[in-house]
Amino acid sequence: MYTVYVLYSKSADKLYIGFTSNLEQRLISHNFLAKKGYTVKYKPWKIIYTEEYKSKQEAMKREKGLKSSRGRAFIRENILKAGFISVS
């Protein structure tokens with residue numbers, strides 16, 4: 001099973017979209033273990049959205065879709081509806 005996930009950094013108002021086969025370990029990596037890369041700059045991260053897929057290929061396809069402008073708009077709309085960020 002693979003999970004496509006969206007992380008949100010409230011302090012930086014940033015999104016991170018990825019996929020993994022171990023969501024709990026991946027979040028620990030983003031928030032505590034990573035020493036370099038995009039996610040290090042904007043800690044702490046909170047999981048705000050997930051989707052489950054049976055195959056790695058399906059998860060990769062969905063991750064790519066969410067990283068598009070349309071996908072990011074979809075995520076922003078869901079975040080706004082859930083009250084994670086305010087309208088600027």
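Tutor: Here is a close look at the aromatic residues, then at the cores. The model is predicted, so local features need pLDDT of at least 70, side-chain atom pairs count only at pLDDT 80 or more, and totals for chains, interfaces and linings use all residues. Residues are numbered from 1 along each chain as its sequence is written, and side-chain values use heavy atoms, with hydrogens and water left out.

Start with the rings. Rings of Phe, Tyr and Trp (its six-membered ring) pair if their centres lie within 6.5 Å; planes under 30 degrees apart are stacked, over 60 edge-to-face, the rest tilted. The whole structure holds 8 aromatic pairs. Tyr38 and Trp45 make a tilted one, at 6.3 Å centre to centre and 35° between the planes. Tyr42 and Trp45 pair edge-to-face, at 6.5 Å and 90°. Tyr5, Tyr16, Tyr38, Tyr42 and Trp45 form one aromatic cluster.

Now exposure. Buried means under 20% relative accessible area, exposed over 50%, partly exposed in between (1.4 Å probe, protein chains only). Trp45 is buried, at 4%. Tyr38 is partly exposed, at 35%.

Next, the cores. A nonpolar core is a set of buried Ala, Val, Leu, Ile, Met, Phe, Trp, Tyr and Cys residues joined through side-chain atoms within 4.5 Å. The largest has 11 residues, including Val4, Tyr8, Ile48 and Tyr53. Strand 1 (2-9) is among the elements giving two or more residues to this core. Strand 1 gives the most, with 3 residues. Helices (H or I, at least four residues) and strands (E, at least two) are DSSP runs, numbered from the N terminus. Another core, of 5 residues, lies apart; among them are Tyr5, Leu7, Tyr42 and Trp45.
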